[in-house]
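I opened the notebook to record a few look-ups. The entries follow in the order I made them.

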Amino acid sequence: MRQCGDCQLCCKLLPVRSLAKLAGQRCSHQRHHKGCAAYARLAVVSPECRLWSCRWLVEDDTADLRRPDRSHYVLDLMPDFVTVRNDETGAIEHIQCVQIWVDPRYPDAHRDPALRAYLERRAEERIIGLVRWGTTEQPIGDEGMALFPPSLSEGGQWIEKRSNVRTKDHSPEELLRALGRPNAPLT
């Protein structure tokens, strides 16, 4: 069973709407090496934090990854998706992503060989990486990059497709479609 220990990287990297906390901004409730000062009241103070979990902490498929504060990235348990348009045919495809929140002080952390191996395994399910940074210039995590593993690219190479990520709240129906479960009940 993995534990957070001294790691509090999620408290810095992820945006939290209920706290008006931007991506890359240290949370006002974060206490150095002591965790969250509002943890006992999270259901009231920040419902998002109460519901959120680090993928490294709870998923067995991340066993070969280092703890987030040592790898300088946090894998979000909540999936997202990117919309890809084929320039030749105009066809649109929604591709599920693992969100990877990278510490802006270590912008190349996404090149960690263990992370790349993890993403290559996820590519078997047609899932790619969505690398996100929060900086003072782009504080809500809108600076990002889609990371396509070699098995999903024509040339058999890693493709890093940088763009400004347009953050959008997705409806439950959009999320289910992107996750390949368009007829799943919403209850």
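I began with terms: two strands pair if DSSP finds at least two bridges between them. Strands (E, at least two residues) are DSSP runs, numbered from the N terminus.

I noted that this is a predicted model, where local features need pLDDT of at least 70, side-chain atom pairs count only at pLDDT 80 or more, and totals for chains, interfaces and linings use all residues. Residues are numbered from 1 along each chain as its sequence is written, and side-chain values use heavy atoms, with hydrogens and water left out.

**Hairpin.** I looked up β4 (residues 80-85) and β5 (residues 92-102), which run antiparallel and are joined by 6 bridges. Across from Thr83 I found His94 in β5. The hairpin has 6 residues between the strands, and Gly90 has a positive phi near 80° there.

**Gln30.** Is Gln30 buried or exposed? I wrote down buried, because its relative accessibility is 10% and buried means under 20% relative accessible area (1.4 Å probe, protein chains only). I placed Gln30 in strand β1 (residues 30-31). Beyond its neighbours within four places in sequence, Gln30 is in contact (heavy atoms within 4.5 Å) with Gln8, Cys11, Lys12 and Gly35.

Terms used. Helices (H or I, at least four residues) and strands (E, at least two) are DSSP runs, numbered from the N terminus. Buried means under 20% relative accessible area, exposed over 50%, partly exposed in between (1.4 Å probe, protein chains only).
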